Amino acid sequence: MAAENPVESLQKEATCPVCLEYFTEPVILECGHNLCRACISQCWDGSATAASCPQGRQTVQQGNLRPNRQLANMVEIAKQLSLQAAKGTGGDGVCGKHQEALELFCEEDQTPICVVCDRSRAHRAHMVVPIQKAAQEYKPKIQTQLKTLRAEREKLLGLKVTGEGKSQEYLKQTQTERQKIVSEFQQLRQFLKEQERLLLAQLEKLDEEIVRIRNENVNKLSEQISHLSELISELEGKCQKPASEFLQDVRSTLSRCEKRKLQQPEEISPELGEQVSGFSQKTIALLEALRKFKGT
C-alpha cells in the first residue's frame, strides 16, 4: 500500500474534526483533543460552564481551554506547504480560502474546490469529481460550441465582406450618376440659357416689327383724318353761306371731294401672326416638358 503524501498528512492534522477546515484559533482540551475556539463555543449552552467534547464526549470546563499556539503555527506551515505544492506541480489554481490546490470540481455549484472545501459543510452533500475528469467531460462540449461559434463568426465575416463590397460598388455607381447629373444639368442650363437668349431676341425683333407697322398705320390714318376734318369743315362752312357764295367754285369743290381716295392702312402680314402663334406653341411645349420633368 502506497505511503500517504506527507503534505496530505499534515493537512489532515491541521484540520478541525468539527468544521473540517483548517483550525482557526485552535484550543487544546483536557482530553487532549484540539478544536477551533468557535467550534467548541457552539457546544456551550447559554451560561453553562461545561460542555461535552464532540470528539470524546468528555465534559469540558470553560476555564480549562488553553490556546494551542504550536498547532496554530503548524496550520500556517501546512497552508504554505499546500500552496507551494500546488504551484510546484502546476496545479489548476489555489483555493483563496484554504490556500490548497483546486483539485476537485463541485457539479452543483459548478466551481473548482480544494480537498478542504470538499470536507466542509458547504460541499459535503454535493457531487464532487476530480477536476481533470470534469475538464475532460466538459472540454468536448466546449469544443463543439467553439466550432459552432467559429463557423458563425466566419459566416458573419463573409456577410460583412460581401456587404461592404456591394456597398462600395453601389457607392461607385451613385458617384458616377452624380457626375452625369451634374454634367447634364450644366449642359442643360447652358442650352436653356442660349435658347432663352435666342427666343427673347426673336421676340424683340417681332415686337419691333409690330411697333413699326403700328406707327406707320397710325401716322397715315392721322394724316387722312386730318385731311378729312379740314374738308368737312370747309363743306360745313360752305353750306352756311348764301346761295351766291355757296355756288362759287362748287364744281371744283365737288371734284376735290370725288377725286379723294381713302388710303387703307398696312395690315399685319399673316407671317407675322404665324410667328406670334409659333411662340405661343413653343411656350406651351416648354410648359409641358417642365411638367413631365417635375413628375419624373
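Modeller: Happy to! Buried means under 20% relative accessible area, exposed over 50%, and partly exposed in between (1.4 Å probe, protein chains only). This is a predicted model in which local features need pLDDT of at least 70, side-chain atom pairs count only at pLDDT 80 or more, and totals for chains, interfaces and linings use all residues. Residues are numbered from 1 along each chain as its sequence is written, and side-chain values use heavy atoms, with hydrogens and water left out.

Colleague: Is glutamate 209 buried, partly exposed or exposed?

Modeller: Its relative accessible area is 30%. That lies between the cut-offs of 20% and 50%. So glutamate 209 is partly exposed.

Colleague: Which residues are linked with Arg212 in a network of salt bridges?

Modeller: A salt bridge is a side-chain nitrogen of Lys or Arg within 4 Å of a carboxyl oxygen of Asp or Glu. Arginine 212 forms one with glutamate 209, the closest N and O atoms being 2.7 Å apart, and another with glutamate 216 at 2.8 Å, N to O. The network therefore links Arg212 with Glu209 and Glu216.

Colleague: How many disulfides does the structure hold?

Modeller: A disulfide is a pair of cysteine sulfur atoms within 2.5 Å. The structure has none. For cysteine 39, the nearest cysteine sulfur is that of cysteine 16, 3.8 Å away. The count of disulfides is zero.

Colleague: Is cysteine 239 buried or exposed?

Modeller: Cysteine 39, at 8% relative accessibility, counts as buried. Cysteine 239 has 55% relative accessibility, so cysteine 239 counts as exposed.
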